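Open the model in your viewer and keep the selection tool ready.

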Amino acid sequence: MLKRTFDILLALGLAALLSPVLISLTVLIKYRLGSPVFFIQPRPGRDGKIFNLVKFRTMTDARNAKGELLDDAERLTPFGSFLRRSSLDELPELWNVCVGEMSFVGPRPLLVEYLPLYTAEQARRHDVRPGITGWAQINGRNALSWEEKFELDLWYIDNRSFILDLKILWRTLRKITDQSDISAKGSATMERFRGS
């Protein structure tokens, strides 16, 4: 109950404090990347329940001659890269926190298509609400292998506490400042999970 109350108060406070930033980014993204401004994608949440994750758009819709979307690295603009490095693209997730689909701290919500690929142990990451940040994010983020990420997610689930959440939030602020571990080596984002 303490965690949920904290999530709501912090999300509402940040939304109010950062409203000028949110409005400015909405206008800039519309101007530089076009519509839609938001990237909305189904993700599994607590107990595997599907919800729509909301982020700021960071890529164009550039396609090849066959009409197929180009690779992430080719669609990620310098402006989009800045949004990711600074984690500003994550700000709309405050909405997901407010409505109870996410928490500030927890395992990151991954793609729906990964659900059948998890082992029973890995699937325990859905025992809690997914987070904007988490134990894996402050201990390597996308520089980690999938197995390392899952181990860190499960460690968090087994050891979670309000004090640990505060520690993770503090270290997240430092990570954002450092802008480290944004992408996996040799990839614009993170290579896809194909099962353990």
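Select helix H8, residues 162–178. Its buried residues are Leu164, Asp165, Ile168, Leu169, Thr172 and Lys175. Buried means under 20% relative accessible area, exposed means over 50%, and partly exposed is in between (1.4 Å probe, protein chains only). Helices (H or I, at least four residues) and strands (E, at least two) are DSSP runs, numbered from the N terminus.

This is a predicted model: local features need pLDDT of at least 70, side-chain atom pairs count only at pLDDT 80 or more, and totals for chains, interfaces and linings use all residues. Residues are numbered from 1 along each chain as its sequence is written, and side-chain values use heavy atoms, leaving out hydrogens and water.

Now look down the axis of H8. The arc is that of the directions from the helix axis to the C-beta atoms. On the other side of H8, Ile163, Trp170, Leu173, Thr177 and Asp178 are exposed. Show what covers the buried residues: the cover includes H1, S3, strand S4 (131–133), H6 and H7. Contact here means heavy atoms within 4.5 Å.

The expected span is 1.5 Å times one less than the number of residues.

Next, select helix H1, residues 2–17. Which residues of H1 are buried? They are Arg4, Asp7 and Ala11. These cover an arc of only 55° around the axis, which puts them on the same side of H1. They pack against helix H5 (93–98) and strand S3 (103–105). Turn to the other side of H1 for Leu2, Leu9, Ala16 and Leu17, which are exposed.

Move to strands S1 (residues 38–44) and S2 (residues 50–56). They pair in the antiparallel sense over 7 bridges; strands pair if DSSP finds at least two bridges between them. Select Arg43: its bridge partner in S2 is Phe51. The hairpin has 5 residues between the strands, and there Asp47 takes a positive phi near 60°. S2 is mostly covered, with 5 of its 7 residues buried.

Now the aromatic rings. Rings of Phe, Tyr and Trp (its six-membered ring) pair if their centres lie within 6.5 Å; planes under 30 degrees apart count as stacked, over 60 as edge-to-face and the rest as tilted. The count comes to 10 aromatic pairs. Select Phe38 and Phe56: the centres are 5.4 Å apart and the planes at 15°, so the pair is stacked. Phe38 is in S1 and Phe56 in S2, 18 residues apart. Phe38 is partly exposed at 36% relative accessibility, whereas Phe56 is buried at 2%.

Then select Trp135 and Trp155. This pair is stacked, 4.7 Å centre to centre with 20° between the planes. Trp135 lies in helix H6 (residues 135–138) and Trp155 in helix H7 (residues 146–159), so the pair ties together parts that are 20 residues apart in sequence. Trp135 is buried at 12%; Trp155 is partly exposed at 37%.

Select Tyr114, Tyr118, Trp146, Phe150 and Phe193 together: they form one aromatic cluster. A charge sits over a ring if NZ of Lys or CZ of Arg is within 6 Å of the ring centre and within 35 degrees of the ring normal. For the last stop, select Arg32 and Phe79: the charged end of Arg32 sits over the Phe79 ring, 4.9 Å from its centre.
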